[in-house]
Amino acid sequence: MAKANYDFNKIEAKWMKKWDSAKVFEVKKSKKKKFYVLDMFPYPSATGLHIGHAFVFSLGDIFARFKRLQGYNVLYPIGYDALGLPAENAAIKAKTHPKEYTKKSIANFMKQQKAMGWSYDWSRMVNTSDSDFYKWDQWIFLKMYEKGLAYRKKSSVNWCPKCQTVLANEQVHDGKCWRHEDTNVEVKHLDQWYLKITDYAQELLDGLEKLNWSENAKTRQRNWIGRSEGSEILFEINGKKWPVFTTRPDTIFGVTFLVVSAQHSELMELVSDEQKEEVKKFLKKLKGVSEKQMEDAEKEGVFTGSYALNPANGEKIPVYAGNFVVADYGSGMVMAVPAHDKRDFEFAEKYGIPIKVVVEPKDYEIYERNGQIPQAYEGEGSLVNSGEFNEMESGKVREEITKFLEKKKLGKKKVQFRLRDWLISRQRYWGTPIPMVYCDECGVVPVEEKDLPIVLPDKVTFGKGNPLTTNEKWIKTKCPKCGNKNGKRETDTMDTFANSSWYYLRYTDPKNEKKIFNSDDANYWAPIDQYIGGPEHITMHLIYARFYTKFLRDLGLLNFDEPATRYFTQGIIHGSDGEKMSKSRGNVVEPLETIKRFGADSLRLALVSLASPENDTVWDEKIVEGSSKFLRRVYDYFSNFNPGKIDPKIESKINKTIREISDNVENFKHNLAVIKLRQLFDSFSDKNLDKKTAEKFLLMLHVYCPFITEELWEKLGNKNFISLWSWPKVEEKKINDKFEKEDEIVKKVVDDINNIKKVLKKDKVKVSLYAIPSEVELLRNESETIKTLSGSAVLEVYAVNDAKVKSGEADPEGKAKKAKPGKPGIYLE
């Protein structure tokens with residue numbers, strides 16, 4: 001058979017052009033069952049795609065192509081998460097405007113995305129930096145403000161000195177900015193805009209039950225939402241009652257101090273004149289307001305100079321300011337029971353605060369000989385030092401104590417959530433302007449809907465602080481309420497997670513100028529049937545998107561309440577050195593360079609061959625080389641295709657492979673699917689196939705390698721696109737288990753020979769196989785395959801009862817005695 005010239009560059013350019021001109025992947029509503037596949041849209045950096053993008057977006061394309069072949073009306077759109085600090089900072093560094101930087105970056109991305117063969121509906125592209133898009137961010141904000149879900153308050157916030165902006169708690173990782181891993185987050189007190197996501201906390205929690213997400217993803221969201229049942233207890237401090245939430249009201253008699261958050265907005269009300277200097281010194285030491293940082297930091301505090309009254313027994317207890325209490329969790333104050341909480345115990349010992357035992361275990365004595373306790377006891381037991389509740393079981397008495405406090409109007413049952421309202425303000429330029437105006441007469445006034453969008457001004461000065469504050473002409477505006485010309489625009493912009501919280505809905509109707517989207521279109525295409533993204537988005541983007549979806553449902557725009565019914569979390573590809581890819585490490589792999597050398601199909605096949613897609617893996621170019629060699633063999637075979645009668649054994653194998661690969665693709669087991677495709681090809685590469693069977697193989701390979709399969713589909717005489725054909729159906733009656741068992745025997749023999757060669761450190765060898773009589777014919781028929789796959793020079797097959805074997809002439813070491821069904825004896829020389 002003559003070697004065909006596999007010119008992948010020419011083939012890929014040809015089919016890119018054909019798909020584009022025929023608008024193959026553009027879709028409209030139809031009577032077909034819809035399927036919405038979505039990758040998380042990328043931030044368009046100037047450097048373009050990296051190998052991580054190539055991997056993630058290939059997963060989406062594989063699934064979209066698979067569902068298209070299965071007969072679904074597939075929506076697979078693309079857009080760009082173009083606003084945000086990375087673009088602004090990169091533009092400043094490049095000495096250009098973010099608008100120009102973004103425009104060039106998107107053009108570069110599009111070129112690379114098309115080169116990868118991703119089957120997007122380009123007619124639906126969205127760009128979040130386009131005012132036609134962010135107009136609707138502003139519209140949503142106004143609707144939330146109207147419903148009381150958007151509000152402004154002064155609070156302690158995380159501030160990144162490099163970004164020169166506020167960060168949400170979710171964007172602080174180990175005390176560092178999520179964008180600048182070398183930058184410590186600071187604490188500032190600013191007026192900020194918030195979205196009241198906590199109003200949806202219970203629904204966000206309950207909704208997880210019906211989602212087809214991994215248990216890990218759902219658990220992470222449950223923990224982030226953090227529902228706790230307990231009691232809210234009122235402590236009197238300086239004549240004012242302060243509510244304190246606890247899940248352990250049974251320990252109320254053991255409370256010996258209170259701790260208020262060092263970031264609490266009313267902290268200074270509690271500080272006595274004598275303690276003011278000490279408290280100010282303490283506050284200067286704080287770094288960051290994220291809960292994670294508070295957990296990791298050494299627990300420190302300072303006495304405020306105030307005392308509280310314990311509502312259970314009237315005891316006077318000191319109030320401390322501490323660095324480990326979250327300001328906006330509950331009331332921002334906690335009751336401390338050092339005898340029964342490890343953190344409180346360490347704090348009490350550090351500052352010499354009394355420790356009072358109120359729960360004793362049944363099985364052992366917690367006191368030491370000196371009458372002290374060595375550590376906090378956090379378990380259940382019998383109450384002591386608790387007045388009328390002594391000797392009662394701690395686990396059973398919680399409700400009784402809450403009722404006791406309720407009667408005194410000093411407590412009640414309460415459900416508390418760890419989830420806090422979303423801080424949406426950012427003090428930077430390249431974001432959606434918040435549509436609010438400040439008027440000396442009217443206060444804070446929303447912009448009228450008819451005046452949307454509030455467009456970012458081009459003329460701003462970049463340097464320190466918020467660039468929007470440098471354009472006085474843009475800031476100065478009329479008050480929408482009274483018409484006063486001295487109104488001032490809000491100069492904060494929105495967190496870019498606002499853009500990504502609803503972008504998936506804009507894809508359903510991207511060119512609508514009058515509405516955010518047509519509800520009929522959104523309700524036809526959405527929710528997303530298969531969403532693909534990284535684990536880092538589970539507790540940021542996906543929480544926010546679920547919140548926005550529920551809000552838009554409540555506005556009557558949607559008839560569903562979850563953005564994505566199925567979510568796949570992909571792994572990360574590290575550099576060949578095992579480290580995270582970065583330019584500074586010099587381990588970044590550029591997809592276009594790989595495509596030039598091996599072709600997009602080889603790269604796509606390699607990306608899903610590295611490991612199971614949900615696992616992290618290390619880049620290895622040898623896998624691309626192997627994929628390229630395999631595709632050259634495929635191209636040779638089908639370019640010289642000579643149809644003939646199919647072997648029943650091959651027919652059985654291809655039908656079994658269709659069944660298995662269908663399941664593998666559906667469940668993202670692509671590495672297994674690729675192995676099966678290779679094995680299937682090996683089984684017929686030296687045999688004839690009929691045209692129908694040949695097409696079945698190409699259809700399965702197509703989802704991974706779209707360019708070469710379109711070309712070979714055409715070579716087989718087909719006039720249509722393989723992209724729009726049908727996924728092969730399994731003919732169960734043609735699957736013969738006998739053939740499968742025989743294949744398994746052959747595979748085991750090959751593996752055994754290779755293992756023995758490895759142990760003996762031999763290369764080309766003569767192999768003698770000693771099989772039970774019923775398997776001799778099979779092994780002789782497959783001798784060439786065994787010889788090739790095991791790299792043997794000569795292969796002889798004997799029956800164990802052959803005279804030459806019995807005499808020892810053909811079996812000098814008696815290996816025939818080890819023969820078993822499915823496992824012949826093996827002798828190498």
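Predicted model: local features only at pLDDT ≥ 70, side-chain atom pairs only at ≥ 80, totals over all residues.
On the side of helix 20, the contact involves Phe630, Leu631, Val634 and Phe638, which meet Ala694, Phe697, Leu698 and Leu701 in helix 23.

**Salt bridges**

The structure holds 63 salt bridges. Three of them are set out below.

| Pair | N to O distance |
|---|---|
| Asp61 and Arg604 | 2.6 Å |
| Lys285 and Glu300 | 3.8 Å |
| Glu660 and Lys656 | 2.8 Å |

The side chains of Asp61 and Arg604 form a salt bridge. Asp61 belongs to helix 2 (residues 51-69) and Arg604 to helix 19 (residues 600-607), so this pair ties together parts that are 543 residues apart in sequence. Asp61 is buried, with a relative accessible area of 0%, and Arg604 is buried as well, with a value of 1%.

Lys285 and Glu300 also form a salt bridge. Lys285 lies in the loop between helix 9 (276-284) and helix 10 (291-296), while Glu300 lies in the loop between helix 10 and strand 14 (301-309), so the bridge ties together parts that are 15 residues apart in sequence. Lys285 is exposed, with a relative accessible area of 51%, whereas Glu300 is partly exposed at 22%.

Glu660 and Lys656 form a salt bridge within one helix: they are 4 residues apart in helix 21 (residues 648-666), a separation of about one helical turn. Glu660 is partly exposed, with a relative accessible area of 24%. Elsewhere, salt bridges that share partners join Glu203, Lys210, Arg546, Lys550, Arg553, Asp554, Asp561 and Glu562 into one network.

**Strand pairing**

Strand 11 (residues 227-237) pairs with several strands. With strand 19 (residues 411-417), strand 11 runs antiparallel and is joined by 7 bridges; here Glu232 stands opposite Lys412 in strand 19. Strand 11 and strand 12 are likewise antiparallel, over 7 bridges, and the bridge partner of Glu236 in strand 12 is Lys241. The hairpin of strand 11 and strand 12 has 2 residues between the strands, and in it Asn238 takes a positive phi near 50°. A further 2 bridges join strand 11 to strand 14 in the antiparallel sense, with Glu236 opposite Leu309 in strand 14.

A separate description applies to an open sheet of 4 strands, which has the order 23-22-25-24 and antiparallel pairing. Strand 23 (443-446) and strand 24 (476-477) stand at its edges, each with a single partner strand, so one side of each lacks a neighbour in the sheet. Strand 24 pairs with strand 25 (residues 487-489) in the antiparallel sense over 2 bridges, and Lys476 stands opposite Lys488 in strand 25.

**Loop residues and backbone geometry**

Thr256 is found in the loop between strand 12 (240-246) and strand 13 (257-261). Thr256 is buried, with a relative accessible area of 8%. Leaving aside residues up to four places away in sequence, Thr256 touches Ile317, Pro318, Ala336, Pro338, Ile353, Pro354 and Lys356.

Most residues other than glycine have a negative phi, and most peptide bonds are trans. A cis peptide bond joins Leu452 and Pro453, with omega about 0°; Pro453 is in the loop between strand 23 and helix 13 (472-475). The peptide bond from Ala526 to Pro527 is also cis, with omega near 5°, and Pro527 is placed in the loop between helix 16 (519-525) and strand 27 (530-533).

Positive phi values occur at two further loop residues other than glycine. Glu391 has phi near 75° and lies in the loop between strand 18 (382-383) and helix 12 (394-407). Phe668 has phi near 60° and lies in the loop between helix 21 and helix 22 (670-684). Glu391 is exposed, with a relative accessible area of 71%, whereas Phe668 counts as buried at 1% relative accessibility.

Notes. Residues numbered from 1 in each chain as written. Heavy atoms only, no water. Salt bridge = Lys/Arg side-chain N within 4 Å of Asp/Glu carboxyl O. Buried < 20%, exposed > 50% of the residue type's maximum accessible area, 1.4 Å probe, protein only. Pairing = 2+ DSSP bridges. Contact = heavy atoms within 4.5 Å.
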